[in-house]
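Student: Please take one part of this model and look at it closely. I would like to see how its pieces sit together, and then what lies around it.

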Amino acid sequence: GANRASTSSPVVADHHEVVPLPGQDGRVRRVITRSGRRHRIKFPSKKLGRMVHCESLVEEAAARHFEYDPGIDFYQEQPTVIHYYLDDGSVRKYCPDFMLRRRDGSQVFIEVKTQKSLMDAKLVEKLAAIALRMKELDIEFKIWTDEDIYKEPRDSNVKRIHEALRTKGVNPRFTPNIDLEKGLTVTFSALREHLGSDSLIFMHYVAGHIDIDLNEPITDKTLIYIL
């Protein structure tokens, strides 16, 4: 897309680091499949105008949340390489799962993990070293677990948005401004009657024209705020 050249890879490096150049899709490494133990999944992104490569079902679910979060302007899987240091002074390479760029221009690197995997003391030690290095580089870094990603009712709401926006011809990137007064509050059913479909409601949500609380179940009586 038009944004790719300027946003595809936030190369974060100091003078000790050599960061590989990203491929055309922005990834610095290929998605790995080891003896069938990992999934290789391509998630179709209208926000990015390409397929997003994921290494697990949890990563795919995370990408779905990024895709439909109106506060996220851009996201990139496998965005760059960071060198971090262990207590013995040895250097290791780390590739974050995702980089997110918010609408305000700020960025955050995301590591996706299952809550069960965080019972591994060696992994926790590794993530602590990575977090320390990120702090030294003044990079925002977060670990997002499967419990965060699959939290209800938000995850079901995001899946509903995904299904609605798979409709041919619906793309939040090219949504015209909504013709309703800013500050107005309407119900979901009233807005559906005005726009004509759930798909168009969710298209305006992802485009940032309206606000819906995804932490509550979406019903016909759900209140929607015009931004």
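Tutor: Start with the open sheet of 4 strands, in the order S3-S6-S7-S8. The pairing in this sheet is mixed. Its edges are strand S3 (72-77) and strand S8 (141-145), and each of these pairs on one side only. On average, neighbouring strands of the sheet are turned by 30° against each other, direction ignored. Keep in mind that this is a predicted model.

Now zoom in on one strand pair. Strand S7 (residues 107-113) pairs with S8 in the parallel sense, over 5 bridges. One place to look is Phe109: its bridge partner in S8 is Phe141.

Next, the helices on this sheet. H2 packs on the sheet and touches S3, strand S6 (98-102), S7 and S8. The direction of H2 makes about 10° with that of S6. Helix H3 (residues 121-136) also packs on the sheet, where it touches S7 and S8. The direction of H3 makes about 150° with that of S8.

Gln78 lies in the loop between S3 and strand S4 (82-85). Gln78 is not a glycine, yet its phi is positive, about 45°. Is Gln78 buried or exposed? Its relative accessibility is 0%, so Gln78 counts as buried. Asp138 sits in the loop between H3 and S8. Asp138 is not a glycine either, and has a positive phi of about 60°. Asp138 has a relative accessible area of 73%, so it is exposed; the cut-off for exposed is over 50%.

Follow H2 away from the sheet and you reach helix H7 (residues 198-206). H2 (57-67) is among the elements that the buried residues of H7 pack against. The others are helix H5 (154-165), helix H6 (188-195), strand S10 (210-211) and strand S11 (223-226). H7 is mostly covered, with 7 of its 9 residues buried. These are Ser199, Ile201, Phe202, Met203, His204, Tyr205 and Val206. Just after H7 comes Gly208, with a positive phi of about 85°.

S10 and S11 run antiparallel and are joined by 2 bridges. Look at Ile210: its bridge partner in S11 is Ile226.

The loop between helix H4 (146-149) and H5 holds Pro153. A cis peptide bond joins Glu152 to Pro153, with omega at about 5°.

Of the 227 residues, 45% are buried. Among contacts with a separation of 6 or more, 62% join residues 24 or more positions apart. The protein exposes about 12,500 Å², and carbon and sulfur atoms supply 52% of that area.

Key
Residues are numbered from 1 along each chain as its sequence is written. This is a predicted model: local features need pLDDT of at least 70, side-chain atom pairs count only at pLDDT 80 or more; totals for chains, interfaces and linings use all residues. Side-chain values use heavy atoms; hydrogens and water are left out. Buried means under 20% relative accessible area, exposed over 50%, partly exposed in between (1.4 Å probe, protein chains only). Contact means heavy atoms within 4.5 Å. Accessible areas come from the Shrake-Rupley method with a 1.4 Å probe; for residues, only the protein chains shown count as cover. Two strands pair if DSSP finds at least two bridges between them. Axes are lines fitted to C-alpha atoms, for helices over the stretch in contact, and angles run from 0 to 180 degrees between N-to-C directions.
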